[in-house]
Amino acid sequence: MTPGKIERTPNASTGSLMMAMPFLALATLLCWTLACSSSGPEDVPETVNFNLHVRPILSDRCFKCHGPDGKSREANLRLDTEEGAFQALQDDPAKHVIVKGDPLRSELFQRISSPDTSLLMPPPSSHLSLSAKEIELIRRWIQQGAPYQKHWAFIAPKKPPLPGVKKKNWPRNEIDYFILHAMEAQGLAPNDEADPASLLRRLCVDLTGLPPSPSALDEVLKSKDPGKWEKHTESLLSSAHYGERMAIPWLDLARYADSHGYQDDGMRTMWPWRDWVIHAFNENLSYDQFITWQIAGDQLPNPSREQILATGFNRNHKITQEGGVIDEEYRIEYVTDRTNTFGKAFLALTYECAKCHDHKYDPISQKEYYSSFAFFNQVNEKGLVGDITLASPGDPPVIQISSEEIRNTLRFINKKDSAPVVAMVMKDSSKPRITRLLKRGVYDQPGDTVDMLTPAAVLPFDTTKFIKNRLGLAQWLTDPAHPLTARVFVNRIWQEFFGRGLVKSSGDFGMQGDLPTHPQLLDWLAVDFMEHGWDVKRLVRQITGSATYRQSAVRSPKKQQQDPENIYYSYSQRLRLSAELLRDHVLASSGLLVREIGGPSVKPYQPKGVWESTTSGRGELARYVQDHGDKLYRRGMYTFIKRTAPPPSMLVFDAVGRDQCEVKRLRTNTPIQALVLMNDPMVLEASRVLAETLVSEGGKPETQIEKAFHRILSRKILPRERERILQYYQAEKKRFSQETARANAFVHVGEFPSKTGLDQREVAALMQVIHMMYNLEEASVKP
Amino acid sequence: MNDLQRYRLQFTRRHFLAKSMLGLGGLALGSLMMPGLFRKKEEEILSMPVGLPHFAPKAKRIIYLFQNGAPSQLESFDYKPLLNKMQGQDLPASVRMGQRLTGMTSNQEKFPLVGSAFGFKQYGQSGAWVSDMFPGIASIVDDICIVKTIHTDAINHDPALTFFQTGAQQGNRPSMGAWLSYGLGSENQNLPAFTVLLSRGRGNGQGVYSKLWTNGFLDSIHQGVVFSSGPDPVLYLNNPVGHDSLSRRAMLDEIAAFNQGSFAHTGDPEIQARIAQYEMSYRMQTAVPELTDLSKEPDHIIKMYGPDCLVPGSFASNCLLARKLSEAGVRFVQLYHQGWDQHGNLVGEMPLQAQDVDRASAALVRDLKQRGLLDETLVIWGGEFGRTNYCQGDLGRNNYGRDHHPKCFSIWMAGGGIKPGVVYGETDEFGYNIVKDPVSVHDLHATLLHLLGLDHEQLTFRHLGRRYRLTDVEGSLVPGIMA
Amino acid sequence: MNTTDQRWRIAENVFSSVLLVLQVLLLLLWPFHEKLLLPDWALSGGRLHPILLHFPIVLLSMLAIAWFIRKGLGDALFSDLAFRSVLLLASFLATVTCLSGYVLSHKGDYDPELLGRHRNLGTFTALLSYLLWVFYPGRGTARDTRPFTVLFGISLSAIVLGSHFGGSLTHGEDYLFPDAEETTERKRPPLTANSTVYEALVQSVLDSRCTGCHNPKKAKGQLDLSSLEGLLKGGKSGAPWIPGDPLQSLMVQRILLDPADKKHMPPRGKPQLTAVEINQIEYWVHRGADLNQKISALLETDSLRILAMAMAGASPSSIKVARSYGFPEAGTAAIEKLQSPYRTLRPLYQQGPALQLSFFLKGAFQLNMIRECKPVAAQVVSLTLAKMPLQDPDVKELAMFTNLERMDLSGTEIQGKTLGELKPLSMLEYLSLTQTRVGLEELRSLKGIPSLKKVWIWNTAVDSADWILLKKAMPHIEWDFGTRMDEMERLKLTMPQPSDPDKMIFNSGEMLQLKHPLRGARILFTTDGSDPDTLQGNEYKQGIAVDRPMNILARAVLDGWMASDPKIFSVYARGIMPDSVVLLTRPNPKYLLNGGPSLVDNQKGDAGNLLVNWLGFRENYCQAMVITDGKKTIRQLILSTAINHYAYVFPPQRITVRYGLEKGKWLHTEQLRPAQPANYGPVANQPYIINLKSGAWKYLELSIEPVQKLPSWHSGKNEKAWVFLDEIFLQ
């Protein structure tokens with residue numbers, strides 16, 4: 001070998017190194033890209049926030065066995081409290097659950113990342129598991145010192161300063177600053193303002209639940225007045241229909257119905273209470289008053305009849321009439337219902353979970369549950385007053401409301417006949433009832449006695465400040481320091497307008513609930529709401545006045561891709577009308593709607609046998625006796641709700657059964673819905689009546705079509721749309737001319753007297769066209 | 001550039017390619033050994049979109065013949081001669097053990113035992129005892145599995161019924177059918193996955209409630225749809241007069257065209273869903289009537305179910321309809337037959353009830369079997385609780401009534417994955433307590449789900465922060481009744 | 001170049017290339033080792049780890065030492081040929097060792113913490129060693145050797161540390177041989193009904209949980225649980241159980257102890273017994289710990305048997321692994337593509353390759369919809385074409401579903417001429433051909449499919465004679481000929497039904513329409529109350545005219561069936577429609593309806609439900625004024641009432657009709673005192689006919705008095721009775 005040759009080897013080796021490195025690099029790179037693709041710690045934030053990132057994981061996967069519930073707590077280890085999280089292990093004092101800054105020495109991390117399934121947490125048997133990202137979050141959180149925070153919802157809201165925004169000229173009011181700020185952070189820009197027609201329809205539907213009148217539409221389209229929207233908003237807010245619109249979600253929440261529920265399901269008359277709710281919203285009764293009256297109107301100093309009527313809220317629950325039930329079992333059931341409703345409606349907490357054991361996720365002990373229970377346990381009532389044969393429209397305590405009283409004071413009650421009407425209300429028995437904790441929630445397993453109190457974690461019940469009765473409870477609830485009441489309500493109102501609350505789980509602000517998408521905004525609105533005397537109409541004005549609300553509903557592909565759920569409100573959400581509003585829209589736009597407010601619930605058209613096939617055969621609701629005349633054309637919210645067989649066309653459109661408190665409806669899309677819109681005589685009758693009206697008004701088919709379109713879709717028809725519909729109209733007219741028998745049959749739907757002397761074929765054809773319009777997706781959404 | 005350099009360069013290039021191939025080879029090998037690398041991670045697979053069984057199912061569908069009002073086990077499948085011997089004697093307190101009573105008998109100071117007024121015989125290879133009121137069911141005992149030891153928590157109809165259907169006594173949780181629709185999806189895109197058929201017998205009725213077929217917090221697509229034979233099989237299904245499927249088609253085309261337009265304008269994906277739903281509704285209008293028209297059934301089938309099967313709304317016609325729906329791929333067909341609540345006049349009413357259901361129930365099992373459908377269809381027959389072994393009120397000479405009894409009662413099952421010709425569980429000779437192999441309602445649910453390939457602990461839905469299950473936090477499988 | 005040199009180069013190239021592959025693999029395993037999935041045979045590769053590891057350790061440390069003291073050593077040692085190739089070898093061995101380590105760690109359960117450290121250091125060393133080789137500067141070159149030295153230093157310490165952790169992990173020799181765990185598992189015969197309960201319930205658990213440590217080789221606590229003998233011998237603490245007394249039994253105690261307890265078995269960190277496993281051992285001891293009892297000896301319903309069978313695989317849990325399919329998955333994309341409303345393609349279950357294919361809506365069916373399924377044909381195990389318009393020529397299209405197990409061709413239009421085409425379906429077990437026109441001859445061609453277990457053939461061209469032949473020809477197949485009902489059985493027909501159940505009141509000219517659902521059933525009826533049998537019954541044709549209150553009896557008859565019971569239709573003729581009816585007294589507010597008009601609204605009430613369509617009177621007696629146009633002659637007034645003794649609803653005490661041409665000027669008065677019941681009677685609708693002097697009367701004043709004192713036999717004796725009215729008629 002010559003040195004020369006040997007000389008080369010190092011270079012050769014550097015050569016091979018030179019070559020080897022890129023592949024190693026490549027390989028490593030590949031590894032990590034793969035790593036990211038399959039388990040993505042890539043989007044783990046730099047600084048981990050406990051409330052935002054960590055608690056949701058701990059709560060969802062750990063609290064069940066290591067949470068507030070002492071009875072089911074494993075290894076005496078709890079992760080919901082700071083103390084618990086840093087303590088030494090019960091069976092290995094050397095080790096600690098969490099060692100600040102040192103994941104590897106923290107048993108918590110060891111266990112969630114262990115490859116040994118016998119050590120792994122959560123145990124495979126639980127069918128729960130943590131994703132790589134979640135593990136990384138926890139690792140990083142521990143590394144950063146594992147700081148604990150109080151649950152966001154239990155910290156009283158403070159009014160935050162308005163955040164800065166780039167697009168200075170966009171915001172119309174405070175709301176917009178928060179929204180735009182978040183949007184810009186996502187690199188999103190708001191949509192332009194919606195076209196006037198859509199905006200008007202949106203306003204009308206949101207504030208009155210009814211489509212705009214053709215005249216109002218023309219006016220808006222003409223008017224150049226910059227303040228026109230404010231004017232419109234005011235006129236809508238002052239319309240009596242505003243109260244109806246606002247009442248609908250409240251009736252769901254208050255589980256209002258016209259029957260007692262349970263098997264024989266006799267009739268009840270709580271509608272005067274319903275009339276009061278509408279009245280209260282129209283009078284813009286401040287929210288703190290509104291709920292105080294409903295919770296404790298009877299306990300206010302010399303209460304008015306109106307305030308007593310308001311307490312019907314807590315008597316809307318189901319009441320059994322099944323002979324042979326155990327009295328106490330059902331009495332407890334009623335009190336439970338009130339307690340759960342209280343928790344869900346006002347605190348947005350899943351109270352019911354603490355009935356049988358301490359709450360698994362939230363700091364509500366079983367004892368605390370029954371302490372709240374105690375407030376509602378004082379009513380002088382029975383579980384079973386009488387079975388169906390002795391059925392009454394209301395079990396005591398009740399108030400009798402006479403016609404005369406209505407003439408004088410309670411004018412808002414729309415009573416039809418002379419006989420006095422009965423409504424159930426709250427009245428505590430003279431001697432207080434001792435409340436005991438019920439073991440496993442079973443009525444005949446009483447435990448220790450409990451005092452009237454509320455969950456301390458939310459806001460301690462300061463007995464120096466609050467009386468120990470429902471009135472005190474109401475005071476506690478409306479105390480400015482209360483972290484939930486205002487937040488929960490503004491969130492629900494927001495939900496009404498935008499389809500989703502700032503806290504998506506509007507019924508659960510607890511550990512397991514969703515986090516607010518815009519925490520600052522939520523707090524700002526809540527505080528502002530309280531600062532301005534819980535003024536509901538004002539809140540509504542703020543929302544409808546915001547640029548956020550007024551955006552157009554157009555989704556660019558970019559937004560659809562970047563913000564499909566519209567979490568950042570970068571466009572307006574098109575929402576399908578609720579069951580009641582769908583009916584209202586059809587009746588109103590066809591001119592059939594009877595705009596009467598309140599009164600006994602009515603029984604419009606309903607398919608044969610819905611009641612008959614389910615009833616036990618007993619009671620006056622055994623058969624559905626349909627109403628006639630005006631009663632056929634009342635708003636959806638007045639349709640009689642028999643709990644065991646609610647109006648099918650409503651259920652199909654996600655109306656709730658009113659069995660229990662509901663604060664949010666599903667919004668689904670099913671084929672049965674299509675069938676209802678296409679075959680429900682109500683829609684067909686409306687089409688017929690509108691067709692008759694337009695035909696009798698005369699004019700060319702084009703104009704008739706134009707008018708119909710205008711009324712139903714609340715916008716001007718486009719030429720090509722007119723063209724297409726006209727062709728359809730001609731085709732249908734041709735068909736009906738050939739089949740006159742069909743035409744006649746078709747136009748004889750519904751009891752509303754038909755106009756005489758019209759060309760049946762024209763009516764039929766136009767009716768067909770209108771019916772088609774009612775079935776358009778656009779017709780059944782809020783734009 | 002001198003030769004040496006050129007040589008180096010080439011060498012390098014070849015070498016580079018070669019090496020990179022090797023590098024990738026290594027990766028490939030790695031991926032072979034670690035399939036997870038390019039696959040979904042374990043937990044992702046676990047949380048796969050529901051709509052498929054977790055494992056190979058034994059049954060694909062359920063037909064639940066619910067006997068609403070609670071038929072007496074002591075006059076049907078739980079033969080207790082001792083009660084006849086001790087007729088009129090008081091129920092020993094040692095047996096009752098302070099069991100809570102309904103308001104109807106709680107103030108009764110005597111609890112006179114009463115035996116069945118109807119004879120019992122043994123049938124089939126299994127030698128199961130069946131009362132003379134049920135000759136039809138007796139003739140298929142070797143195809144069915146009688147469970148004598150079901151027990152429930154509720155003692156009143158509404159909660160008991162609700163418990164059976166939704167796994168909870170109160171509140172509106174999704175009902176069994178909704179859970180299945182959610183867990184298994186629909187087999188036939190032209191029909192709902194969960195249908196309900198209602199009928200009323202000639203005995204004391206207790207009513208049913210739409211919350212029994214509610215979708216609860218699940219999507220409304222899982223809501224039970226009430227079917228019936230006869231002119232209007234599904235609410236709102238029929239076209240309005242003056243409409244035929246042609247004009248309906250024309251209308252749908254218009255609607256679709258306009259909806260497409262608004263989609264182009266707004267880009268709201270909901271619109272596409274809406275268009276699809278309208279199409280499906282149209283298909284339902286064609287699919288359903290041909291299903292619910294029973295008149296075309298051959299005579300021997302009509303004889304099999306009995307002549308009532310042509311009377312719309314009768315239990316028999318619902319059985320026949322149930323078979324057709326199931327045949328067409330409906331996941332869960334829920335029948336309710338009212339009238340089994342014999343607090344009094346049991347001797348008078350129960351035979352009428354039995355007459356109405358016995359023949360058709362047996363026919364359904366036979367019919368499914370002869371179509372090869374019984375292997376994949378699970379049939380369940382039973383009420384919401386049992387009835388007391390003592391008489392409610394005064395014991396008459398030749399008539400009596402029985403109160404509600406939650407501690408033990410009998411149901412039977414047949415088909416998909418169920419062990420045929422078995423009598424499972426034992427009650428004491430008073431027919432009051434269970435002595436062997438109790439089956440709770442949750443156990444039953446767990447087992448049903450299992451037979452359909454679903455793990456009852458994995459079939460969950462998160463609502464308001466909690467993972468709900470049909471079996472709540474309980475329920476264990478009953479291997480003894482599974483084939 | 002000389003040949004040695006060249007040969008060396010080639011060797012180096014090949015070697016280093018292989019090494020590179022392994023290195024990359026290692027790099028990949030490092031982050032993803034949990035994902036490692038290996039076939040069992042590969043696992044034994046892991047057992048090499050303990051042997052292999054010694055080589056790289058020794059080699060590398062030797063080299064290291066050599067390097068550090070290189071000053072005192074000869075050049076030759078540090079030539080490429082020597083040092084560098086050894087380095088290469090060492091690196092290679094290190095890498096292989098590492099990989100085998102991964103395999104090993106994948107299998108056993110080790111202290112995760114230690115394992116982690118060992119893994120990282122090991123891998124680190126291996127990778128480092130490769131760099132060492134690559135970076136090797138040689139000696140006496142101009143190039144700076146310090147980085148190399150440092151690198152070498154690091155790797156050396158890595159080795160020392162890594163092998164230390166490794167040491168504390170290893171459990172000595174039983175890794176070299178397959179350990180007790182497997183042996184015991186392997187030599188056990190599969191559980192069957194003939195296995196003993198002990199084998200099923202106890203041994204199986206011991207095998208999976210205990211024999212890892214308690215086996216002949218390393219009998220921890222001098223206990224060997226791998227064999228019955230060892231078991232009965234017990235350990236240093238004595239016999240494992242006391243029959244019938246689980247809680248006093250050592251084994252159960254140890255299992256039930258708090259996991260924290262040192263005596264708890266299996267020790268912490270080892271896989272624990274599941275609740276079920278504990279429960280079944282306990283229960284077995286409780287039931288007397290019988291070692292020889294056979295499962296089959298127990299009753300079907302015996303819980304012990306049920307538990308045991310569950311273990312023996314007759315259990316639900318065995319369903320999960322029941323049917324595993326050889327063929328690959330079709331892939332979601334392919335499946336999605338084929339979905340349509342008329343064709344459903346669904347996996348049998350999550351992550352299983354098997355598919356079920358069904359077709360719906362005969363109207364939409366096209367042959368192509370089958371052809372399109374070619375891409376997934378191999379995965380389809382169940383196919384439903386029921387009721388589809390499938391023709392004989394189409395059958396050949398089905399041959400592509402080679403893994404088909406169940407096929408439903410019922411109700412299709414095939415005649416079976418081409419059933420032979422199904423020969424390729426070598427897995428087909430169940431075939432339904434009912435309600436088709438297939439006959440004996442066609443079915444014979446099924447001989448070609450030996451896998452067939454059951455064929456459904458009722459309602460086909462096959463008659464019972466053919467059936468017998470078939471059973472003879474192909475006895476291995478179960479031929480389902482359907483359920484044959486007793487031909488002779490005579491069932492009673494259902495009663496005729498009214499076309500409009502709500503219509504009980506008929507205007508003149510209207511007819512009562514009847515129907516019967518059964519094809520060919522005839523309806524016989526009478527209007528005189530006599531039994532409508534074949535003798536005096538008139539045959540129903542288009543309808544029955546109703547011109548007065550009538551009780552129409554009707555029966556259905558049909559050959560082969562028993563005639564139905566007679567059904568009674570109580571119908572009324574509207575007769576003369578009064579201009580108005582005015583109530584002069586107020587009904588009870590609960591039963592008010594719309595007052596007078598509701599007495600002529602053609603809404604009949606049902607005495608069973610008094611809340612609907614009834615006017616009710618109790619406090620005040622009923623007085624009503626009927627006003628007609630005075631043009632038509634009136635002969636009769638008919639009053640339709642309800643009787644419901646339990647609900648205090650009785651016949652009126654007295655009915656009085658005063659009538660004339662002018663209000664107040666009554667020309668005539670008629671009275672009627674209905675018979676009062678002597679005991680509880682049935683609930684019924686009861687009409688009362690009051691004959692009037694015929695005349696074109698304009699005003700009729702009607703007063704009806706409820707019974708004032710209920711009779712003594714009634715539970716509400718001396719109380720007032722009710723009177724309920726729904727309609728009045730003038731004839």
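Q: Which residues does C:Tyr572 touch, not counting residues up to four places away in sequence?
A: This is a predicted model. In it, C:Tyr572 touches C:Met504, C:Ile505, C:Phe506, C:Val546, C:Arg548, C:Pro549, C:Lys604, C:Ile638, C:Ser640, C:Pro687 and C:Phe729. That list leaves out residues up to four places away in sequence.

Q: And which strand is C:Tyr572 in?
A: C:Tyr572 belongs to strand E16 of chain C, residues 567-573.

Q: Is C:Tyr572 buried or exposed?
A: Buried. The relative accessible area of C:Tyr572 is 6%. That counts as buried because the cut-off is under 20%.

Q: What separates C:Tyr572 from C:His118?
A: Their C-alpha atoms are 99 Å apart. Along the chain, the two residues are 454 residues apart.

Q: Staying in chain C, where does C:Ser382 lie?
A: In strand E3, which covers residues 380-384 of chain C.

Q: What does C:Ser382 touch?
A: One residue of chain B is on the list, B:Lys60. From chain C come C:Leu355, C:Gln356, C:Leu357, C:Leu404 and C:Arg406. Again, residues up to four places away in sequence are not counted.

Q: Buried or exposed, that C:Ser382?
A: C:Ser382 is buried, at 8% relative accessible area.

Q: New topic: chain A. How many helices and strands does chain A have?
A: Chain A has 31 helices and eight strands. Its C-alpha trace spans about 120 × 80 × 50 Å along the principal axes.

Q: What share of chain A is buried?
A: Of its 783 residues, 62% are buried. The accessible surface of chain A is about 28500 Å². Carbon and sulfur atoms hold 56% of that surface.

Q: And the charges in chain A, how many positive and negative?
A: There are 99 positive and 95 negative charges. Their mean positions lie 2 Å apart.

Q: How many aromatic pairs does the structure hold?
A: Over all chains, 83. Take A:Tyr370 and A:Phe373: their ring centres are 5.1 Å apart and their planes are at 55°, so this pair is tilted.

Q: Why are A:Tyr370 and A:Phe373 about one helical turn apart?
A: Because they sit three residues apart in helix H16 of chain A, residues 366-376. Both A:Tyr370 and A:Phe373 are buried.

Q: What about A:Phe461 and A:Phe466?
A: They form a tilted aromatic pair as well. The distance is 5.4 Å centre to centre, with 45° between the planes. A:Phe461 is buried at 7% relative accessibility. A:Phe466 is buried too, with a relative accessible area of 6%.

Q: Which ring does A:Lys603 lie over?
A: The face of A:Phe640. A:Lys603 is 4.9 Å from the ring centre.

Q: And B:Arg466, which ring is that over?
A: B:Arg466 lies over the face of B:Tyr468, 4.6 Å from the ring centre.

Q: While we're in chain B, how many helices and strands?
A: Chain B has 13 helices and 17 strands. Of its 483 residues, 66% count as buried.

Q: Last one: what part of the contacts in chain B joins residues 24 or more positions apart?
A: For chain B, 79% of the contacts with a separation of 6 or more. In chain A, 70% of contacts between residues at least 6 apart in sequence join residues at least 24 apart.

Methods. Residues are numbered from 1 along each chain as its sequence is written. Chains are lettered from A and ligands numbered from 1 in the order in which they are written. This is a predicted model: local features need pLDDT of at least 70, side-chain atom pairs count only at pLDDT 80 or more; totals for chains, interfaces and linings use all residues. Side-chain values use heavy atoms; hydrogens and water are left out. Helices (H or I, at least four residues) and strands (E, at least two) are DSSP runs, numbered from the N terminus. Buried means under 20% relative accessible area, exposed over 50%, partly exposed in between (1.4 Å probe, protein chains only). Contact means heavy atoms within 4.5 Å. Accessible areas come from the Shrake-Rupley method with a 1.4 Å probe; for residues, only the protein chains shown count as cover. Lys and Arg count as positive and Asp and Glu as negative; His and the chain ends are not counted. The place of a charge is taken as NZ of Lys, CZ of Arg, CG of Asp or CD of Glu. Rings of Phe, Tyr and Trp (its six-membered ring) pair if their centres lie within 6.5 Å; planes under 30 degrees apart count as stacked, over 60 as edge-to-face and the rest as tilted. A charge sits over a ring if NZ of Lys or CZ of Arg is within 6 Å of the ring centre and within 35 degrees of the ring normal.
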